[in-house]
Amino acid sequence: MNTNKNCRRLYSRIEARRTGRLRVSDVHEIYWEESGSPDGIPVLALHGGPGGGSSPEMRRFFNPEKYRIILFDQRGCGRSTPHSELRENTTWDLVADAEKLREHLGVDKWVVFGGSWGSTLSLSYAVAHRDRTLGLILRGIFLITKSEIGWFYQEGASRLFPDAYDRYVSPIPEDERGDLLTAFHQRLTGDDRRARIDAARAWARWEGETLSLQGPGQRPPRFDQDAFVDAFARIECHYFVNGGFFEKDGWLLEQAREKLQGLPGVIVHGRYDVVTPLSSAWALKKAWPDAELHIIPDAGHSSLEPGIVDKLVRAADQFAEKFS
Ligand code: STX
């Protein structure tokens with residue numbers, strides 16, 4: 001835990017060694033980058049949101065002498081273009097992009113790592129391409145069920161963060177607050193630019209303020225940048241009104257139960273995660289007993305909570321031994 005001297009820290013700052021762009025459809029081009037050791041164990045690190053974009057900290061869970069670290073910005077966000085684009089932007093487009101990138105980089109199999117929406121996408125990738133997946137390291141499990149969406153965007157988290165919740169709902173008139181997802185979706189995809197940016201700021205700020213046990217004062221700086229919040233809010237809301245583009249509610253858990261038996265995995269989840277409650281990690285562990293579940297007693301959702309960093313770095317080190 002964070003007071004313990006044996007607590008693992010992030011590896012020191014790692015620079016991207018090689019970057020590039022890949023055209024993945026008539027509409028989209030994605031930014032990708034590679035760091036660490038060219039001969040290392042390949043790891044694909046998938047960012048959250050959807051729509052959050054990659055950040056340099058995501059490289060730092062991995063020993064750069066042992067890993068070939070690969071990141072990309074998912075469709076419509078980060079340095080991928082066009083920015084904030086929702087056309088041809090689904091879970092299965094992103095899974096296909098990961099495959100295109102794997103082939104482009106000449107990778108045979110890789111470890112897949114992701115937190116929050118990154119865990120959803122990692123699981124979606126693994127059930128579709130199990131033969132390309134060495135193992136999964138997941139944090140803040142999110143299965144995009146109606147119940148998880150309802151908890152965070154309608155009622156549940158509202159009980160723990162009533163102060164931040166008031167700011168979240170503020171752009172929506174009272175008579176539309178019975179279905180916040182629909183109310184936000186209309187504004188985020190409508191023609192009124194003012195309404196769109198007001199909705200995007202409020203939507204993103206809600207998530208920024210509830211991420212960490214440190215509380216509402218601690219939201220990361222990019223949650224105050226308009227380009228970031230526009231893509232983040234629009235892409236998240238688009239994926240959530242579409243149920244993650246899964247066949248039915250609960251589909252991903254069912255697939256994990258069917259397809260992931262025998263696959264090595266580590267799940268790290270904060271006990272006081274308010275964005276994606278622990279119950280999904282618990283259900284996943286039951287469906288996929290090969291995965292180790294680590295519940296961090298003093299952590300919220302953020303990947304940078306000290307107890308979460310410690311367990312993720314240990315998991316990455318453990319996988320480096322296992323797969324070298
Ligand atoms: N969205 C959860 C998620 O994946 C419901 C997420 N939340 N914040 C982030 O991702 C970033 C900090 C990566 C932007």
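1. In this note, Ala, Val, Leu, Ile, Met, Phe, Trp, Tyr, Cys and Pro count as nonpolar, Asp, Glu, Lys and Arg as charged, and the others, Gly among them, as polar. By this division, the shell around the ligand comprises eight nonpolar, three polar and three charged residues.

2. The model is predicted: local features need pLDDT of at least 70 and side-chain atom pairs count only at pLDDT 80 or more, while totals for chains, interfaces and linings use all residues. Residues are numbered from 1 along each chain as its sequence is written, and side-chain values use heavy atoms, with hydrogens and water left out.

3. The ligand is surrounded by 14 residues, of which the closest are Gly49, Ser116, Trp117, Glu207 and Glu236; a residue is near a molecule if one of its heavy atoms lies within 4 Å of it. Domain 1 (18-144 + 245-323) and domain 2 (146-244) each supply at least three residues to this shell, with the domain bounds coming from an automatic or database domain assignment. Helix H8 (residues 226-241) gives the most, with four residues; helices (H or I, at least four residues) and strands (E, at least two) are DSSP runs, numbered from the N terminus.

4. Which atoms of the protein make polar contacts with the ligand, taken as pairs of N or O atoms within 3.5 Å? A polar backbone atom of glycine 49 is 2.7 Å from an oxygen atom of the ligand, and a backbone N or O atom of tryptophan 117 is 2.8 Å from an oxygen atom of the ligand. A nitrogen atom of the ligand lies 2.9 Å from a polar side-chain atom of glutamate 236. Of the 380 Å² of accessible area that the ligand has on its own, the protein covers 90% (Shrake-Rupley method, 1.4 Å probe).

5. Glycine 49 is also joined to proline 50 by a cis peptide bond, with omega about 0°. Proline 50 belongs to the loop between strand E3 (41-46) and strand E4 (67-72).

6. The loop between E4 and helix H1 (91-104) holds proline 82, and the peptide bond from threonine 81 to proline 82 is cis, with omega near -5°. Serine 84 is found in the loop between E4 and H1 as well; although not a glycine, serine 84 has a positive phi of about 70°. Most residues other than glycine have a negative phi, and most peptide bonds are trans.

7. Serine 170 lies in the loop between helix H5 (162-169) and helix H6 (180-188). The side chain of serine 170 reaches the backbone oxygen of arginine 167 at 2.7 Å.

Notes
A polar contact is a pair of N or O atoms within 3.5 Å; within protein, one must be able to donate a hydrogen and the other to accept it, and residues adjacent in sequence count only if both atoms are side-chain atoms.
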